[in-house]
Amino acid sequence: MNDLDTYLRHNYKNTEQLAAACSISPDELANLVSEKLAPEPSYTVTDWGEFISQAFGKFQAPGSTPGQYYHPANTVWIALAMEARRKVGPLEAHRELKERFRSNFAAAL
C-alpha cells in the first residue's frame with residue numbers, strides 16, 4: 001500500500017463503503033450521482049494508474065488502488081437526495097437541492 005492508498009483509506013469512503021453507510025446499493029449511489037442529486041467522488045483512481053481530483057485535475061499514481069473515493073460527509077447529502085427524490089422526483093429534487101445549497105452557501109459567506 002502506498003501513501004495515496006493510506007490517505008484515501010483513512011479519509012474517504014470508496015463506492016461500496018459509502019453505499020453501505022447510506023443503506024443503498026452501489027448502483028443506487030451511481031444513479032444519484034448521474035441525476036446530479038449527490039456529489040461526484042472527490043477522487044478517482046483509474047485502472048491505468050491515473051489519479052483524478054475534482055479540485056486539482058489529473059496526476060499519475062501508479063500502483064494505487066483503483067476506485068472512486070467520496071468524502072464521508074456525503075452521507076448527509078445522500079440522505080437529503082433520497083428524501084427529496086422520493087417526495088418530488090429527480091428533476092424537482094435537483095432544483096430543490098441546488099437552491100438549498102445556494103442559499104446555505106450564501107448565508108455562510
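Colleague: Which residues line the largest pocket?
Modeller: In this predicted model, the lining of the largest pocket is made up of Lys36, Leu37, Ala38, Pro39, Trp77, His94, Leu97, Lys98 and Phe101.

Colleague: What volume does the largest pocket have?
Modeller: About 260 Å³.

Colleague: And which element gives the most to that lining?
Modeller: Helix α5 does, with 4 residues.

Colleague: How does the lining split by class?
Modeller: There are 6 nonpolar residues, 1 polar and 2 charged in the lining of the largest pocket.

Colleague: OK, zooming out. How many helices and strands are there in the protein?
Modeller: The protein has 5 helices and 5 strands. Starting at the N terminus, the order is α-β-α-α-β-β-β-β-α-α.

Colleague: What does the C-alpha trace span along its principal axes?
Modeller: Roughly speaking, about 45 × 35 × 20 Å.

Colleague: Back to α5. At what angle do α4 and α5 pack?
Modeller: The angle is about 135° and the axes are 8 Å apart. Here α4 covers residues 74-88, while α5 covers residues 90-108.

Colleague: Why do you give me both an angle and a distance?
Modeller: Because two packed helices are described by the angle between their axes together with the distance between those axes.

Colleague: Fine. So what do you call the arrangement of α4 and α5?
Modeller: Oblique, given that angle. The crossing of α4 and α5 is right-handed.

Colleague: Which residues meet there?
Modeller: From α4 you have Trp77, Leu80, Ala81, Ala84, Arg85 and Val88. On the α5 side, the partners are Pro90, Glu92, Ala93, Glu96, Leu97, Arg100 and Phe101. Sorted by class, the residues of this α4 and α5 contact come out as 9 nonpolar, no polar and 4 charged.

Colleague: Now α3. How do α3 and α4 pack?
Modeller: Helix α3, residues 26-34, packs with α4 at an angle of about 80°, and their axes are 11 Å apart. That angle makes α3 roughly perpendicular to α4.

Colleague: Last one, Gln54. Where does Gln54 lie?
Modeller: In the loop between β3 (50-53) and β4 (57-60). With residues up to four places away in sequence not counted, Gln54 touches Glu40, Pro41 and Ser42.

Colleague: How far apart are Gln54 and Lys87?
Modeller: In space, 30 Å from C-alpha to C-alpha; in sequence, 33 residues.

Key:
Residues numbered from 1 in each chain as written. Predicted model: local features only at pLDDT ≥ 70, side-chain atom pairs only at ≥ 80, totals over all residues. Heavy atoms only, no water. Axes fitted to C-alpha atoms, helices over the stretch in contact; angles between N-to-C directions. Helix = DSSP H or I, 4+ residues; strand = E, 2+ residues; numbered from the N terminus. Parallel < 35°, antiparallel > 145°, perpendicular 65-115°, else oblique. Left-handed = near helix turned anticlockwise from the far one by under 90°. Contact = heavy atoms within 4.5 Å. Nonpolar A, V, L, I, M, F, W, Y, C, P; charged D, E, K, R; others polar. 1 Å grid on protein atoms, 1.4 Å probe; cavity = no way out; pocket = protein on both sides within 12 Å on 5 of 7 lines; lining within 4 Å. Points joined across faces, edges and corners; volume = space filled by probe spheres on them.
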